[in-house]
Amino acid sequence: MPEPQPPTLDVDRLLDDPRSRIIVCCGSGGVGKTTSAAALGLRAAERGRHVVVLTVDPARRLAQSMGLSSLDNTPRLVEGTQAGAAGGSLHAMMLDMKRTFDEIVEAHSDPDRAAQILANPFYQSLSSSFAGTQEYMAMEKLGQLRRADEWDLIVVDTPPSRSALDFLDAPQRLGRFLDGRLIRLLTGPTKTGGRAYLKLVTTGFTMVTGVITKVIGMQLLRDVQTFVAAFDTMFGGFRERAEDTYRLLQAPGTAFLVIATPEPDALREASYFVERLTSDQMPLAGLIVNRVHRSAAPQLSAARSLAAAEALETVPLRAGNGQAAAGGEDAGTPHPAATAIRYPLTVTALRLHAERMQLADRERRQEEGFTAAHPAIPVTEVPAQPEDVHDLDGLRAVGGELARGVRLS
Amino acid sequence: MADTCVTDRCRVRFAALRPGSRPARRRQDWSAGSDSLLEVRTRDTDWEGVRLHVVTGKGGTGKTTVAGALAIALAAGGRRVLLMEVEGRQGIARLFDSPPLPYTERRVAVAPATATLPGGEVDGLAADPEAALVEYLEMFYNLRHAGTALTRLGVVDFVTTIAPGLRDVLLSGKAVEATRRRRGGRLRYDAVVMDAPPTGRIGKFLNVATEVSGLAKVGPIRGHADTVQSVIKSPQTAVHFVTVLEEMPVQETLDGIAELRGLAQGGLQLGGIMINMVQPEELADDQLHAAAAGQLDEHDLDLGLKAAGVEDRRGLAHSLATELAEHAREALAQRAQRARLNGVDQPRYELPLITGPMDLAGLYRLAAALREQGAA
């Protein structure tokens, strides 16, 4: 008795629905997020929508296939698609997190102050290597694209975070950090004054600054203070922006797609992500399982295939072939030497097929682990491609598989 | 069976990795507990003198698994090895099927004992920057109390946030500390294996002194960073890259190696390229190309199926030919990626695809493969 199947994810309905404005592809590293985002974007564009794909860290050739040779933080029209014929268009851009950060600074302060901030060593470190900056800036860019309203669908691929959940938390973390009380206190009690200061004094404020100075050095603390002084007017804005982005993600019109491969780690991350999205009331559209292996001949089971291979290996060469199987028969045991096998290609094919069936079976069980816990989440599967995807044709093929909605196993 | 290992440094014929076949120079099984493991003391490995093994790789390539296998391989013959992770993922616990690791070193595996030597030991450690900072404060300033209070106040998070390089130097510093630690007159660990951040971040992670110097120009943390750097940029440390034979991971490996070569001016030693999850080639060369081109003799396949007594053969030969074609295209794609790696002048090790979930048996097989090829 087979498990009840989860609903099938109807990708085309999602892509065609004019109310779909943002699609977020998330999942652990190495599961094909960027490829999925690009394939979804291309398919939507070729079905008549005006699409921009925001990608964070694409493989070089994939980027080239979409005409993104330079990392310039601006959407570029992707040439060579069939979107025009359908009345759509496809743009794509790669995120430059430092430039996005710089642009926020420039947009929200006068030129002198902006120059001061941009030159601050602490700012430079923050804007290029803070753990949450990439996530924050990806969300910031998403917000900008959405507000520009030049596209009717934005497909975004999430940064390769340590954990898939960082993507939801990091923007708020950065916002909180920049807007935080601690950073203000550190920059001098005179700025904050009052109760908060006294409270920290009682918990050992002097010790805190003392240790911080000891560990990171006075110079850095001074850089932080200069930065905060210059950045002061923008602090509140940062938290607000983080909150705006968060609300944008919850809004109708946003759809999350969780991407995984049929492997334990990837599906475990997918499960965490699904649970988190649900508890945060984020609109989850479904699960995409990439690189699924299936057999072209599911009617021949692994066991029968192996048995057939073994049977062939014990068949001696015909006498008419001039050569009897050397030394195999007298012992009465199977003779695995390839030279004595009449149909070596069939044996190889049968063994490969058995492995393929076993692999498909393992993958199916992995997936069932997910669907048993989340039976209502729609699923679609994309078969493993023998070669890497690196051009529009390849992306189009992936898009076709995504939309087939056929459960493979 | 084609010998697909085209690298000169790769000393094991690839055929040896297939179940049922044997390497030309056969070693005893690990489980046999045989005296052959005594060779450990005398035989050459490619990384003689290296005590800190940094293992990096793109996400999804099996970095943690390979780090674990390397730790077991290094532990053979009564050696003590620390396997350390730095990303808070509890990957080691998962790999060895143990409860989550605290910030203490705990036994996670053994290498088999021999007749005359005790079994090797692998300890695991999940390092995190907060605990490392508290430990650091205690060690250098006797400030354990302060450290604990700071953690509670969220100050540690704050400090490691405003100085991202500090986070890294605390973690790599922990690895360096373990590498140099002595107990009872001898080194506590013969080797330390670090499951390091992925390829995209490894350059920054290892270049701590420079990263920190931009922030902390003087002071104790600077001194600490310099010490850490002097060990990382010494012949005692090697940085290994884990990849699979796919385009993106290979590209990241090449990029990462180029990046570290830039840093290596200061003495950073590149390690081996560990090619993980290599799929065996099942077809001879001529058949491989024929299959990839879709030119297999389906009639011959069908005759074989008939001879094997397979019932209901309708369309089956065609389906099997399709599967063979996919296999052949994958194999050729693997070869193309392997050829790209051949352009890099670093030792390469090939690890077979372990089918099914990674368990201890699989891990020991990978460890054996690493030893057979001289990685440990």
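Guide: A:Ile23 is found in strand S1 of chain A. Keep in mind that this is a predicted model.

Visitor: Is A:Ile23 buried or exposed?

Guide: A:Ile23 is buried, because 26 other C-beta atoms lie within 10 Å and the cut-off for buried is 20 or more.

Visitor: Which residues is A:Ile23 in contact with, leaving aside its neighbours within four places in sequence?

Guide: The contacts of A:Ile23 are A:Leu40, A:Leu153, A:Val155, A:Ala255 and A:Leu257.

Visitor: In what sense do S1(A) and S6(A) pair?

Guide: S1(A) and S6(A) are parallel, paired over five bridges. A:Val24 stands opposite A:Phe256 in S6(A).

Visitor: How many bridges join S6(A) to S7(A)?

Guide: Five, and S6(A) and S7(A) run parallel. In that pair A:Ile259 stands opposite A:Ile288 in S7(A).

Visitor: How many residues of S6(A) are buried?

Guide: Six of the seven residues in S6(A) are buried, so the strand is mostly covered.

Visitor: What about S7(A) and S8(A), how do they pair?

Guide: Strand S7 (residues 284–292) of chain A and S8(A) pair in the parallel sense, over four bridges. A:Val289 stands opposite A:Glu381 in S8(A).

Visitor: Step back a bit. How many helices and strands does chain A have?

Guide: Chain A has 18 helices and eight strands. Buried residues make up 46% of its 409 residues. Among contacts in chain A between residues at least 6 apart in sequence, 78% join residues at least 24 apart.

Visitor: Where are the domain bounds in chain A?

Guide: Domain 1 takes 11–168 + 249–296 + 367–404, and domain 2 takes 302–365. Eight residues of domain 1 of chain A are in contact with eight residues of domain 2 of chain A.

Visitor: Which element gives the largest share on the domain 1 side?

Guide: Helix H17 (residues 344–373) of chain A, with three residues on the side of domain 1 that touches domain 2. The residues on that side divide into two nonpolar, three polar and three charged.

Visitor: Over to chain B. What is the strand order there?

Guide: Chain B has eight strands in an open sheet with mixed pairing, ordered S3-S4-S2-S7-S1-S8-S9-S10. Its edge strands are strand S3 (106–110) and strand S10 (348–352), each pairing on one side only. The twist averages 25 degrees from one strand to the next.

Visitor: What joins S8 to S9 in chain B?

Guide: Five bridges join strand S8 (residues 237–244) to strand S9 (residues 270–278) of chain B, and these strands run parallel. The bridge partner of B:Val244 in S9(B) is B:Asn276.

Visitor: Which residues touch the most other members of the largest nonpolar core?

Guide: B:Leu70 and B:Val193 do, in a core of 84 residues. Helix H1 (residues 63–75) of chain B gives the most to this core, nine residues. A second, separate core of 75 residues includes A:Ala37, A:Val53, A:Leu267 and A:Leu277.

Visitor: One last residue. Where is B:Leu324 found?

Guide: B:Leu324 is found in helix H13 (residues 316–342) of chain B. B:Leu324 counts as buried because 27 other C-beta atoms lie within 10 Å. Leaving aside neighbours within four places in sequence, B:Leu324 is in contact with A:Ala349, A:Leu352, B:Ala291 and B:Leu296.

Conventions. Residues numbered from 1 in each chain as written. Chains lettered and ligands numbered in written order. Predicted model: local features only at pLDDT ≥ 70, side-chain atom pairs only at ≥ 80, totals over all residues. Pairing = 2+ DSSP bridges. Helix = DSSP H or I, 4+ residues; strand = E, 2+ residues; numbered from the N terminus. Domains from an automatic or database assignment. Contact = placed C-beta atoms within 7 Å. Nonpolar A, V, L, I, M, F, W, Y, C, P; charged D, E, K, R; others polar. Core = buried A, V, L, I, M, F, W, Y, C linked by C-beta atoms within 7 Å. Buried ≥ 20, exposed ≤ 12 C-beta atoms within 10 Å, placed from the backbone. Axes fitted to C-alpha atoms, helices over the stretch in contact; angles between N-to-C directions.
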